[in-house]
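Please keep the sequence and the model in view while reading.

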Amino acid sequence: MNNYKKSVSHSRKALPLALAIAMAGIGAGSTGAAVAAENGKFRVGVVTFLSGPAAGPFGEPSANAAKVLVEGLNQGKLPAPYDKLGINGAEIEMVIIDEAGGAAKQVEEFRNLVQRQKVDAVVGYISSGDCLAIAPVAEELGAMTVFYDCGTSQLFSEDKTPQFVFRTSLDAAVDNIGAARYLAKTRPDAVRVGGIQQNYAWGQDSWNDFTLSMAQIMPKSQVVESQMPKVFQGQYGAEISALSVKRPDIIHSSFWGGDMEALVLQANSRGLLEDATAVLTCGESALARYKDQAPNGMIIGGRGPFGAFAPENALNTWFTQAYQSAYKAAPTYPASKMAQAILGLKFAAENAKAEAGTIPAPLEMAKAFKGATFESVSGTVQMARAGGHQAMQGIAYGEYHYDAASKQGSVQNVIAFAGECVTPPDGTTAHDWIKAGFPGAQCN
């Protein structure tokens, strides 16, 4: 998604965060190329939004997660199979870059990371526009690159055969196929469907995938209204009124960050969510902030088995405790996805052809990552799509519930769907797979 996230009110924290990382000795952006080549450290460029409207609930938790993982790995604190110090025995040094500024700026920053900062790998990118711009440059430079969040389905295609680019997060089509399947199980009698999406590729593609999925999974449903306000509009009175008039049973939205939170607040206060159930594909990111301003029963997702939807395993227990200890908050799904990308990189580097204590070449890391299966905070990850460069996992949805006594929100009535149930097979576009009725889907 050129697509994801942020709350403007959090952007003031970006500079202190970057300074804190630098002071911790893992964000040495001023380190010269000569020193980088000689100090024997594994240098990782980490790119996420530290300023602007995408920083708050996405960029900042992601950067915090990277800091927690790097510190833990360097100290050997993680559970097996990641209990080996650093990466392949080398200390990890993080160079963190602000993703703000647009695709052209990010291409320049990426070249600087690889050619001047001499990083051994790059992990990052929330914006799908940035991912699409960076991918060909990564291939040109032969730079090991792991995309942790962007959801565009255009990243990998038959005419784009990657070698150095990997994505450890999920294709956005999975969000909307999963949402339709959740509704079929929990709201089988819902027939009137409305939607409100941001008017650009992310919102348009999300709505298209969702409505196509509903036509197959819940054929009695009908679209009664679709609103497409501009991204970061902030005020949605007219759109809420237009939706209210049509009296939908379901309101689907792929809004993210500040837009998503504003929509929930405004729609709830105007009574739209009293009779209609909201389905927010990115809703988990604001779990701790909804409070009583969102209705119980609102359906939220975390774009995979992340954040509140992450399974109970040793890695996620360690990560959640370390993150909460450092930041006094539970990690939301962007944080889980950053952790997953770094763990995937460590797996690839340590399974690449290289002597212990040395830094493997990008090509060797790429060979080890292609088609790999590795463990993560979200469970087992299979790099099983796009010729072994795209992760396949399941997705879960649940219902928001606010407890007035504890003043905390939680997710209840969670239903998970396996990756084989919601993921288009290699060589098939999501659009074609959905319209054909999900041939080969393996659903319980």
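The side chains of E261 and R289 form a salt bridge with an N to O distance of 2.7 Å. This pair connects distant parts of the chain: E261 belongs to helix α9 (residues 257–269), while R289 is in the loop between β9 (277–280) and β10 (299–301), 28 residues apart.

A salt bridge here is a side-chain nitrogen of Lys or Arg within 4 Å of a carboxyl oxygen of Asp or Glu. Helices (H or I, at least four residues) and strands (E, at least two) are DSSP runs, numbered from the N terminus.

## Basis of the model

The model is predicted: local features need pLDDT of at least 70 and side-chain atom pairs count only at pLDDT 80 or more, whereas totals for chains, interfaces and linings use all residues. Residues are numbered from 1 along each chain as its sequence is written, and side-chain values use heavy atoms, with hydrogens and water left out.

## Other salt bridges

The whole structure contains 13 salt bridges. One of them joins D149 and K337, with 2.6 Å from N to O. D149 lies in the loop between β4 (145–147) and β5 (165–167) and K337 in helix α12 (residues 333–350), so the pair links distant parts of the chain, 188 residues apart. Both D149 and K337 are buried.

Within helix α3 (residues 55–74), E71 and K67 are four residues apart, about one turn of the helix. An α-helix has 3.6 residues a turn, so residues three or four places apart point the same way. The side chains of E71 and K67 meet in a salt bridge of 2.9 Å, N to O. E71 is partly exposed at 29% relative accessible area, whereas K67 is buried at 14%. Elsewhere, a network of salt bridges links K41, R43, E91 and E93.

## Helix α6

Helix α6 (residues 172–186) has 15 residues and spans 22 Å from its first C-alpha to its last, close to the expected 21 Å. The expected span is 1.5 Å times one less than the number of residues. Of the 15 residues in α6, 13 are buried, and the helix is mostly covered. At its start, a side-chain oxygen of D171 comes within 2.9 Å of the backbone nitrogen of A173.

## Two crossing helices

Two packed helices are described by the angle between their axes and the distance between the axes. The axes of α12 and helix α13 (residues 362–369) come within 7 Å and cross at roughly 110°. The two helices are therefore roughly perpendicular, a class that covers angles of 65 to 115 degrees. Axes are lines fitted to C-alpha atoms over the stretch in contact, and angles run from 0 to 180 degrees between N-to-C directions.

The contact (heavy atoms within 4.5 Å) involves G344, L345, F347, A348 and A349 of α12, together with M365, A368 and F369 of α13.

## Backbone features

A cis peptide bond, with omega about 10°, joins A80 and P81. P81 is in the loop between α3 and β2 (92–98).

A386 is a residue other than glycine with a positive phi, near 55°. A386 is in the loop between β12 (379–385) and β13 (390–392) and is buried, at 19% relative accessible area. F438 also has a positive phi, near 60°. F438 lies in the segment after α15 (430–435) and is buried at 7% relative accessibility.

How values were computed: Buried means under 20% relative accessible area, exposed over 50%, partly exposed in between (1.4 Å probe, protein chains only). A polar contact is a pair of N or O atoms within 3.5 Å; within protein, one must be able to donate a hydrogen and the other to accept it, and residues adjacent in sequence count only if both atoms are side-chain atoms. Angles under 35 degrees count as roughly parallel, over 145 as roughly antiparallel, 65 to 115 as roughly perpendicular and the rest as oblique.
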